[in-house]
Amino acid sequence: MLTRSLLFKQYRRSFSQLSHIKPPKQITNEPVKNFSSKDTMDWDLLRASVSKFNNASLDVPLVINGKRVFYNEGNRTSFQQVNPAKHSQVLANVTQASEQDVAAAIQASKDAKSKWYKMPFYDRAAVFLKAADLISTKYRYDMLAATMLGQGKNVYQAEIDCIGELADFFRFSVKYASELYNQQPCESSPGVWNKAEYRPLEGFVYAVTPFNFTAIAGNLVGAPALMGNTVVWKPSQTAALSNYLLLTVLEEAGLPHGVVNFIPGDPVKITNKVLADKEFSALHFTGSTAVFKKLYGQIQQGVVNDVYRDYPRIVGETGGKNFHLIHPSANIPHAVLSTLRGSFEYQGQKCSATSRAYIPQSKSAEFLADLAGTLGSVKPVNTSASKINGGDLHGFMGPVIHEQSFDKLAAAIEEAKKDPELEIVCGGNYNKANGFFVEPTVIKTTNPLHKYMSTEFFGPILTVYEYPDAEFKQICETLDKTTSYGLTGAVFARDREAINVADEALKYSAGNFYINDKCTGAVVGQQWFGGARMSGTDDKAGSGNILNRFVSVRNVKENFYELTDYKYPSNYE
Ligand SMILES: NC(=O)c1ccc[n+]([C@@H]2O[C@H](COP(=O)([O-])OP(=O)(O)OC[C@H]3O[C@@H](n4cnc5c(N)ncnc54)[C@H](O)[C@@H]3O)[C@@H](O)[C@H]2O)c1
Ligand SMILES: N[C@@H](CCC=O)C(=O)O
């Protein structure tokens, strides 16, 4: 006979996967504060947080099973996260995980698993709902300041990232998870009950996160964790500060120890150790295509070599060479402003950033003059004082993330100056004396297949090609074949037929396709995000689809009839 407590345990067990709760009714996008100069209270609070981080160089530890491990313990080393707008300023001394630390983080993830996934879904959901509330209230200004200073964002770019998008990811995932758990087999024959149980993956998830969006890091860790998985998290070296703050917020919201284990450090060494573990069950990655390809191959080789218990899930969103295609019928001033924002906000460091544009010859002079003229009003890149630290929090553009990126962009500009197929239309200056500043740069090419039309620079460089007006269809075909990416793109036109032609011809050129809007700025729950081809596995962050990748469905058939004979009716004569 089942005791009361055993019954209760069994009930809790099934409840962990089968949701019978309704998430709060009002799951909508977090309102974005616009920080206009009149919002004095917001500015005051933000300034206070900015000066807090400005005035202290913090120690960022590893977090393994909730325990903080600092670089000055044992033989560990550290690296510095600097302010990219003022690289003499060290924001954080970040502990690097040793091989033993990686092993401990993996073990902590394994140990925390059973308790976490058996926790009722509403408990897991509450952690993320509360974290979203903490982010949008108590920690709003600290999150903003850490993201602005560490990742070189202006306040608006930080607001849409580490507040809006991050809170949305956490809240919408709860809604989507609840909907997923409620998807059950639609038929059960008489005397039978069929159930779908959404088990977390057996093993642990490895999240490798990029520098450019605090929100993306949050989702790479949060989506699997919400579904009952435990996570080993390797953050980007250049986002360690905001990412650590985010983990402390999750802990305050009730995340149990060991569910997420935070191990900054050498990406290759950490990854090699993690991918060698038998219980590695999924990679959740966002970053460059080159790194993802390498990890993809390494995991496949692991499968071939019988390293793993399961076929690990591989979920990755990577680079892009995103396009704006302008039709002669387009509203040119609107297309120009959209292109300016798409290409240069956050210095072109969004995976979705516009980095190539196709302009009809008849409108090209107007388009480029307007673009160059308007870029002139973007405050010149301030090379002597940081827009963030120099007190100018209103600037449209800031620094690129680090010296390696700066050097790559500067080299690309210099190469363009010498290339007979390229002409710099505006910009072309850069300076790293104090911070890593690159001017917004527009380059015109005479060759639609030039490598500047296919290479992701991940910075404020836009390459444009002027096509003959009559060759709109052909330019669609060229555009489609130019790169190996397929992330985002946009068509600008008033002519409906032209929109239709582009829509069809570019079906696989972009996972996120925009009509008369810039190709950046996807909003959780509205524009599900992700690209195909070499841009990623297109599992669509910001949708319910991604959660499917972190569950392993078990079907349970329960039979209520008891047999009285082995024969079927047809076995009787
Ligand atoms: N498609 C998307 O949703 C999306 C979103 C954001 C960024 N991105 C892409 O990310 C790139 C920029 O971000 P980034 O500079 O952080 O990318 P990155 O590839 O340099 O780094 C991403 C993560 O991978 C780690 N890493 C780097 N080399 C590694 C290796 N050899 N083995 C294992 N891990 C390694 C890094 O430490 C970091 O945590 C761009 O290509 C951009 O398009 C894509
Ligand atoms: N949601 C963002 C994602 C950017 C990736 O780096 C956008 O669509 O611009």
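Trainee: Is Glu317 buried or exposed?

Mentor: The model is predicted: local features need pLDDT of at least 70, side-chain atom pairs count only at pLDDT 80 or more, and totals for chains, interfaces and linings use all residues. Residues are numbered from 1 along each chain as its sequence is written, while chains are lettered from A and ligands numbered from 1 in the order in which they are written. A residue is buried if 20 or more other C-beta atoms, placed from the backbone, lie within 10 Å of its own, exposed if 12 or fewer, and partly exposed in between. Because 28 other C-beta atoms lie within 10 Å of Glu317, this residue is buried.

Trainee: In which strand is Glu317 placed?

Mentor: Helices (H or I, at least four residues) and strands (E, at least two) are DSSP runs, numbered from the N terminus. The strand that holds Glu317 runs over residues 313-317. Its label is S11.

Trainee: Which UniProt annotation covers Glu317?

Mentor: The annotation comes from an unreviewed UniProt entry. UniProt positions are given in the numbering used here, feature names are shortened, and annotations may be inferred rather than shown by experiment. The annotation on Glu317 reads "active site".

Trainee: With which residues is Glu317 in contact, leaving aside its neighbours within four places in sequence?

Mentor: Two residues are in contact if their C-beta atoms, placed from the backbone, lie within 7 Å. Leaving aside the neighbours within four places in sequence, the contacts of Glu317 are Thr286, Cys351, Gly530, Gly536 and Ala541.

Trainee: Which residues are the closest to ligand 1?

Mentor: A residue is near a molecule or strand if its C-beta atom, placed from the backbone, lies within 6 Å of it. The shell around ligand 1 holds 29 residues, and helix H9 (267-274) and helix H10 (289-304) each supply at least two of its residues. The closest are Pro267, Gly287, Ser288, Glu317 and Cys351.

Trainee: Between which domains does ligand 1 lie?

Mentor: Domain bounds come from an automatic or database domain assignment. Both domain 1 (99-318 + 536-556) and domain 2 (322-515) give residues to the shell around ligand 1. Ligand 1 therefore lies between domain 1 and domain 2.

Trainee: How many residues in the shell around ligand 1 are charged?

Mentor: Ala, Val, Leu, Ile, Met, Phe, Trp, Tyr, Cys and Pro count as nonpolar, Asp, Glu, Lys and Arg as charged, and the others, Gly among them, as polar. The shell has 12 nonpolar and 13 polar residues. The number of charged residues is four.

Trainee: Which residues surround ligand 2?

Mentor: By class, four residues of this shell are nonpolar, four are polar and one is charged. The residues around ligand 2 are Asn212, Phe213, Lys350, Cys351, Ser352, Thr520, Gly521, Ala522 and Phe529.

Trainee: Which element gives the largest share of the side of domain 1 that touches domain 2?

Mentor: In this pairing, 13 residues of domain 1 are in contact with 16 residues of domain 2. On the domain 1 side, helix H5 (140-151) and helix H6 (155-181) are the elements that give two or more residues. The largest share, three residues, comes from H5.

Trainee: How far apart are the C-alpha centres of domain 1 and domain 2?

Mentor: The domain assignment gives domain 1 as 99-318 + 536-556 and domain 2 as 322-515. The distance between their C-alpha centres is 32 Å.

Trainee: What is the radius of gyration of the chain?

Mentor: The radius of gyration is taken over C-alpha atoms, and the globule rule is 2.2 Å times the number of residues to the power 0.38. For 573 residues, a compact globule would have a value near 25 Å, with which the chain agrees. The radius of gyration of the chain is 26 Å.

Trainee: What percentage of the 573 residues in the chain is buried?

Mentor: The chain has 16 helices and 21 strands, and its C-alpha trace spans about 85 × 70 × 50 Å along its principal axes. Of the contacts with a separation of 6 or more, 78% join residues 24 or more positions apart. The buried share of the residues is 51%.

Trainee: What is the phi of Phe35, which is not a glycine?

Mentor: Phe35 sits in the loop between helix H1 (4-15) and helix H2 (40-54). This residue is partly exposed because 18 C-beta neighbours lie inside 10 Å. Its phi is positive, at about 50 degrees.
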